[in-house]
Amino acid sequence: MEIRAATLEDLTPVGELLVACLNAGVGWLPEGDYSRNIPYRMKPSYALFVAERNESRGKVIAGFVECVREMPPHPPEVSNLFVHPAFQGQRIGLELFRHAVRYCGLGTLVSTYARNTSARKFFEGQGCVEVGRAPTYSLTDFMSGRTDDPNWRITYVVPQDRIAALVG
Ligand SMILES: CC(C)(COP(=O)(O)OP(=O)(O)OC[C@H]1O[C@@H](n2cnc3c(N)ncnc32)[C@H](O)[C@@H]1OP(=O)(O)O)[C@@H](O)C(=O)NCCC(=O)NCCS
């Protein structure tokens, strides 16, 4: 398996992978064509990496991770990590996360929906420490004022010692 920076040709398979993940279980997100979102995120501070595997049918994008490195003091962020359902549980998420943390460096943040228990287990299993919860798109979520609201996002920091361990 190779982890590399995405090219424009990867955008269609990355969008399809995102939709496959959403259909397989992250289906509680608001309706929308998420496959079209990725090109709009592209700006100089944005990086998209893909995990590519050699399968009998040819090269396949098995997962991807998005990173944002803004100007300091804005912390670097691993903004999305997705592994195709057919390839989950094979350490691809871990390899992508390692790559992203290496790219982002000290103070890396990562966030996920409070209700995304499997992603929370993944990030907490990697030693990420919760630093806060915040409402997202919906005013209703904000108005609920409940920090245990499942629609809020939990932000984690990757502690310095974990960065060292992950980067190796
Ligand atoms: C979360 C996700 C990226 C994990 O990727 P993955 O390739 O399946 O995970 P890995 O095989 O690399 O697992 C690495 C470790 O995390 C653990 N882990 C992964 N998913 C887990 C889960 N649902 N529950 C508990 N532990 C889990 C593994 O057991 C493994 O632990 P170990 O090192 O002790 O054996 C993947 O399940 C995914 O794409 N989910 C859908 C999208 C999503 O929710 N993304 C995160 C929010 S942006």
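## Surroundings of Val129

Leaving aside neighbours within four places in sequence, Val129 is in contact with Tyr156, Val157 and Pro159, two residues being in contact if their C-beta atoms, placed from the backbone, lie within 7 Å. The model is a predicted one, in which local features need pLDDT of at least 70, side-chain atom pairs count only at pLDDT 80 or more, and totals for chains, interfaces and linings use all residues. Residues are numbered from 1 along each chain as its sequence is written.

Val129 belongs to strand E6 (residues 129–134), where helices (H or I, at least four residues) and strands (E, at least two) are DSSP runs numbered from the N terminus. With 12 other C-beta atoms within 10 Å, Val129 is exposed; a residue is buried if 20 or more other C-beta atoms lie within 10 Å of its own, exposed if 12 or fewer, and partly exposed in between, with C-beta atoms placed from the backbone. Val110 lies 19 residues from Val129 in sequence and 9.7 Å from it in space, C-alpha to C-alpha.

## Overall fold

The protein chain contains six helices and seven strands, which follow the pattern β-α-α-β-β-β-α-β-α-β-α-β-α along the sequence. Of its 168 residues, 23% count as buried, and among contacts with a separation of 6 or more, 62% come from residues 24 or more positions apart.

## The ligand shell

The ligand is surrounded by 20 residues, of which the closest are Gln88, Gly93, Leu94, Ser118 and Ala119; a residue is near a molecule or strand if its C-beta atom, placed from the backbone, lies within 6 Å of it. Strand E4 (77–83), helix H3 (92–104) and helix H4 (117–125) each supply at least two residues of this shell, and H4 gives the most, with five.

By class, the shell has nine nonpolar, nine polar and two charged residues, where Ala, Val, Leu, Ile, Met, Phe, Trp, Tyr, Cys and Pro count as nonpolar, Asp, Glu, Lys and Arg as charged, and the others, Gly among them, as polar.

## Helices H3 and H6

The axes of H3 and helix H6 (residues 160–167) come within 9 Å and cross at roughly 120°, the axes being lines fitted to C-alpha atoms, for helices over the stretch in contact, and the angles running from 0 to 180 degrees between N-to-C directions. The contact is made by Arg98, Val101 and Arg102 of H3 and Ile163, Leu166 and Val167 of H6, a set of four nonpolar, no polar and two charged residues.

Of the eight residues of H6, the number buried is zero, so this helix lies largely in the open. H6 is followed by Gly168, which has a positive phi near 75°.
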